[in-house]
Amino acid sequence: MDSSSDVASMISVPEVVIESSNQRMPVVGLGTAASPFAGSEATKQAILDAIKLGYRHFDTATLYQTEESLGDAIAEALSLGIIKSRDELFVTSKLWCSDAHHDLVVPALQKSLENLQLEYLDLYLIHWPVSAKPGSYEFPVKKEDFLPMDFKSVWAAMEECRNLGLTKSIGVSNFSCKKLGEILTKAKIPPAVNQVEMNPLWQQNKLREFCKEKGVLLTAYAPLGARGAIWGNNRVMECEELKQIADAKGKTVAQVCLRWAYEQGVIVVVKSFNKQRMKENLEIFNWELSDEESNKISEIPQSRGCLGEDYISLNGPIKSMEELWDGEI
């Protein structure tokens, strides 16, 4: 069993309610996408450390190859008594492009559940708004393998996943206002979440407004700029305005970024496997940014970090960044 001092030092993370399923979703989750994509014993240990620190929301994907590591960590946390029930956790995974075909969605989710050793997910997302030739799990996808996604039939299969009880909620990732709008017009069960890049250097004001209006929760990936990811860089962590605010408050730049996102009413998924940084990334709930600091952040020049070049192909369904993001660039 866990020692009482560990429990006492555990940070309690606020939650938001997903209206359509009445689930409680912690506002900070741990991302598990390492670069290059792979799971490992170190990944499992980091997730176990995160559970001990108070993380209850975990984000994985077929692409990341970390479903098994996450599943092993959850099984170990249960056997050690760190958590009493799987129901204490919120687990998200994602449908890969090559499985984004009507008949492959349910089997793909069943495979993810097998990897995770779980009976259900809390949230299942369409990872990108494009399909690929079935059977291939390569990254990057070969340019000739991309296929247009049939939103209507793929979303119907996502709804079937929820109706079967394989996932409690369904949603999308990397969807523009326009593409999310298309899903909303076809959906019997609307997407609960749209997970997209968002941080002080790419604030997603238009998409945030649209999601709010439509009752879709926004989850931010790369809230610190995804340093260490395939496409990530240091531009957020090196941003002078953020450094000045962090120095003045005696906080880290990461904490300022995460607090800012929290104050925007957004859920964040943050990847760090360093125990000290994982702890710091949860220490954002007992202080706030001043109006002046928030205004300073709102004035930072904006540009997208994750351009999505890997999903663009001249002969494929998405031929340009303009088509992928529908002008939101």
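Biologist: Which residues does Asn115 touch, not counting those up to four places away in sequence?

Modeller: Asn115 touches Glu67, Glu68 and Gly71, where contact means heavy atoms within 4.5 Å. This is a predicted model, in which local features need pLDDT of at least 70 and side-chain atom pairs count only at pLDDT 80 or more, while totals for chains, interfaces and linings use all residues. Residues are numbered from 1 along each chain as its sequence is written, and side-chain values use heavy atoms, with hydrogens and water left out.

Biologist: Why is Asn115 called buried?

Modeller: Buried means under 20% relative accessible area, exposed means over 50%, and partly exposed lies in between, with a 1.4 Å probe and protein chains only. Asn115 has 14% relative accessibility and therefore counts as buried.

Biologist: Where does Asn115 lie, and what covers the buried residues of that helix, α4?

Modeller: Asn115 lies in helix α4, helices being DSSP runs of H or I with at least four residues and strands runs of E with at least two, numbered from the N terminus. The buried residues of α4 are Val105, Val106, Ala108, Leu109, Ser112, Leu113, Asn115 and Leu116, and what covers them includes α3 (67-80), β5 (90-95), β6 (121-126), α5 (151-163) and β9 (167-173).

Biologist: What makes α4 and α5 oblique to each other?

Modeller: Axes are lines fitted to C-alpha atoms, for helices over the stretch in contact, and angles run from 0 to 180 degrees between N-to-C directions. Angles under 35 degrees count as roughly parallel, over 145 as roughly antiparallel, 65 to 115 as roughly perpendicular and the rest as oblique. The axes of α4 and α5 come within 9 Å and cross at roughly 45°, and the two helices are therefore oblique to each other.

Biologist: Which residues of α4 and α5 meet, and how do they divide by class?

Modeller: From α4, Val105, Val106 and Leu109 meet Val154, Ala157, Met158, Glu160 and Cys161 of α5. The residues of this contact divide into seven nonpolar, no polar and one charged, given that Ala, Val, Leu, Ile, Met, Phe, Trp, Tyr, Cys and Pro count as nonpolar, Asp, Glu, Lys and Arg as charged, and the others, Gly among them, as polar.

Biologist: What is the handedness of the crossing of α6 and α7?

Modeller: A crossing is left-handed if the near helix is turned anticlockwise from the far one by less than a right angle, and right-handed if clockwise. The crossing of α6 and α7 is right-handed, and the crossing of α4 and α5 is right-handed as well.

Biologist: What makes α9 a mostly covered helix?

Modeller: Nine of the 11 residues of α9 (residues 253-263) are buried, among them Val253, Arg259 and Trp260. These buried residues pack against α7, α8 (240-249), β12 (267-270), α10 (275-282) and α11 (291-298).

Biologist: Asn22 and Asn174 both have a positive phi; how do you know whether each is buried or exposed?

Modeller: Asn22, with phi near 60°, lies in the loop between β1 (15-18) and β2 (23-26), and at 61% relative accessibility it counts as exposed. Asn174, with phi of about 60°, is in the loop between β9 and α6, and at 2% relative accessibility Asn174 counts as buried. Most residues other than glycine have a negative phi, and most peptide bonds are trans.

Biologist: Which residues does a cis peptide bond join?

Modeller: A cis peptide bond joins Phe139 and Pro140, with omega of about -5°, and Pro140 has its place in the loop between β7 (131-132) and β8 (146-147).
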